[in-house]
Amino acid sequence: MLPVIRRMYTDLKVVIKIGKNKIEISQSVGVRQGDNMAPVLFLFLMAAVSDLIDQAWDREGIEKVEFRRPTDEDIHTGQLIRHTVRKDKTTGEVIVNDQHISFKVNATIYVDDMALPFTTRVQVMRGLPIAESIFSRLGMEVHVGVEEEVIDEITGEHKVVLTKKSKTEVVWFPAPGELRALAPSILAPQDLQTLDIPQDEDETDEVRESRASLQLRLYNESPETDDIPMNGDGTIVTYTSEFPYLGSRITFDLDDTRDIDARINAATRNFGAMSNFYRASQVGINEKFRVFMAIQVNLLLWGCESWALKVHLKEKLERCARRMIRRILNISMHDVKDNHITINQLNQKFKNFSGIENLIRVRSMNFLGKLIRGNVKLPSRQMLVAYLDHVRPNWCPLDTNKKSMWKNLKHMMKDARYINIDFVGSFKDFYYCALDSTWWNIMVARILDPSIPVPERPNDGFDYMPRRSRRRQQQPPPPPPSPPRRNVSPPRRNRNRGPARSRNSVLGALEVLGFENFTPIDEVKARYRYLAIQYHPDKHSLFGEDNGMSLEETTAHFRVIKEAWEFLREQARREA
């Protein structure tokens, strides 16, 4: 490739004509403007930057962000959420799963943009000057800010002023509780009370905005967000609390509120610009519906595959869509109140509009299916089952994108036979189904039209190996069915949640807690504590939607879990 490029650009001249004047300039640096080779060569250049950064990180001892995941051949054994990481009680070190492999991320590239993940601020201060020097060696520039010392004309004091803003920015993602630890030294006592109000879906928008503004103040005044000096020549890199990228907004608190607000504003502005089209009586409702779905809905749901939606954010998106639909149908709020028009009736008038939540589910499940069927080397596919070797509390301080994906997956599979999406989103429950694109697309279509018949589940043992291998995996033949037993009643189950065996047996009690074989008592205890939080009657208002159970069913299931744990604990005490 290099000899070909060298011959193409040998004795290359650029001709410039201004009026009758003509100038020829020999070009020895860069590529010709408009040349088809330019983007290809630039991709080679960015790949070289990534390799040089990887070598520099190893040479300078800069820590890389490390994840763990199952191997490519065992990806069907992975899970979406709630990975269990424990510490050794004697040494205090994290117990590493030897069956999983680790992979490190030093940079992510999209065309001419690069993101460098670091673990601490110290690593950022060490790594940024090295990255700038690598870009400079290859003829590229990192846009940094410039500070200069000036004299105040009024007071005569020397002060440092930012004369050039930095386009290269750093975002700090604090751990849960890290900003709260800084609050006593920054906020007033009345602000601390506002900050400590428990988060609830029923709280008002004023409370949410007050808490968000206090968290933003803590972020901006934290020592972690001070400007980073580059080379001692007055150049700096600044911190930001919000980074817009590819139409989305990445915030320090990993909350999607500002991103969704921006999506709503963009869709509303575009809808206002097209108001004459939607008011035109010459245009049929079918054409208006198609244009609305193609433009306004796409603007509203741009990037929704990566959202971690909360209830109030879903309601905000639904209200925005209903407001535009009412204007298309020329229905005012007075008409809604006087005629008692329900949401379902409004959607039926507009070509049976399925609602924003179902459209998000469709996009999320299409995204999940394409990832699973994609190349095993795709970073996004590897991150589906990846996790960090960090011991995390049983409670979940933040909603995550993969948890939202798990909720959508449960909704899509609720009518599928022999498929049960468990509380961790185990891949064994749906992985082989997603590999069958026809079956998966039918299930996705059922989200918008539940009248579509549920297809038969595809064979879990069909020939499949990752694309990297292309070899077929030989599945052993299924064992012959066991002969029927007489005078034995089948085991009773509670909504397919109870054990196949009695919970007064060891295996039956383990099955209640989600284990198939004998398990150490420490793991059983950790699982019981987690399930107790999920199914405790007092927590039904928080986890009832995830569990899909009523309060009475939750209470009964919690009693089963508790009895199974008490039985196993007693057995372990006797054996000790």
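Where pLDDT is low, the predicted coordinates should not be read in detail. The chain as a whole averages a pLDDT of 81, and 85% of the residues score at least 70.

Residues are numbered from 1 along each chain as its sequence is written, and side-chain values use heavy atoms, with hydrogens and water left out. As the model is predicted, local features need pLDDT of at least 70 and side-chain atom pairs count only at pLDDT 80 or more, while totals for chains, interfaces and linings use all residues.

## Overall composition

The secondary structure of the chain comes to 21 helices and 13 strands. These elements are DSSP runs numbered from the N terminus: helices are H or I with at least four residues, strands are E with at least two. Of the 576 residues in the chain, 37% are buried. Buried means under 20% relative accessible area, exposed means over 50%, and partly exposed lies in between (1.4 Å probe, protein chains only). The chain exposes about 35300 Å², of which carbon and sulfur atoms supply 51%; the areas come from the Shrake-Rupley method with a 1.4 Å probe, and for residues only the protein chains shown count as cover. Among contacts between residues at least 6 apart in sequence, 63% join residues at least 24 apart.

## Strand pairing around E7

Strand E7 (residues 145-151) pairs with strand E8 (residues 158-164) in the antiparallel sense over 6 bridges; two strands pair if DSSP finds at least two bridges between them. Val150 stands opposite Lys159 in E8. E7 and E8 form a hairpin with 6 residues between them, and Gly156 in the turn has a positive phi of about 75°. E7 also pairs with strand E11 (residues 235-239), again in the antiparallel sense, over 2 bridges. There, the bridge partner of Val146 is Thr235 in E11.

## Nonpolar core

A nonpolar core is a set of buried Ala, Val, Leu, Ile, Met, Phe, Trp, Tyr and Cys residues joined through side-chain atoms within 4.5 Å. The largest one has 32 residues, of which Trp57, Leu128, Val170, Leu187 and Leu218 touch the most other members. Helix H2 (37-60), helix H3 (121-137), helix H5 (189-195), helix H6 (205-221) and strand E11 each supply at least two residues of this core. H3 gives the most, with 6 residues. Leaving aside residues up to four places away in sequence, Leu128 touches Phe118, Val170, Ile228, Met230 and Val237.

## Aromatic pairs

The structure holds 15 aromatic pairs. Rings of Phe, Tyr and Trp (its six-membered ring) pair if their centres lie within 6.5 Å; planes under 30 degrees apart count as stacked, over 60 as edge-to-face and the rest as tilted. Two of the stacked pairs are listed below.

| Pair | Centre to centre | Angle between planes |
|---|---|---|
| Phe427 and Tyr431 | 6.0 Å | 25° |
| Tyr528 and Trp565 | 5.3 Å | 15° |

Tyr528 lies in helix H19 (residues 521-535) and Trp565 in helix H21 (residues 551-575), so the pair ties together parts that are 37 residues apart in sequence. Tyr528 counts as buried because its relative accessibility is 14%, and Trp565 likewise at 8%. Phe427 and Tyr431 are buried too. Elsewhere, Phe289, Phe292, Phe350 and Phe353 form one aromatic cluster.

## Loop residues

Leu254, in the loop between strand E13 (248-251) and helix H7 (257-273), has a positive phi of about 55° although it is not a glycine. His340 is found in the loop between helix H11 (333-339) and helix H12 (343-349). Its phi is near 55°, a positive value in a residue other than glycine. His340 counts as exposed because its relative accessibility is 62%. Thr10, in the loop between helix H1 (2-8) and strand E1 (13-18), is partly exposed, with a relative accessible area of 44%. Thr10 and Ser26 are 16 residues apart in sequence and 9.7 Å apart in space, C-alpha to C-alpha.

Terms used: Contact = heavy atoms within 4.5 Å. pLDDT = per-residue confidence, 0-100.
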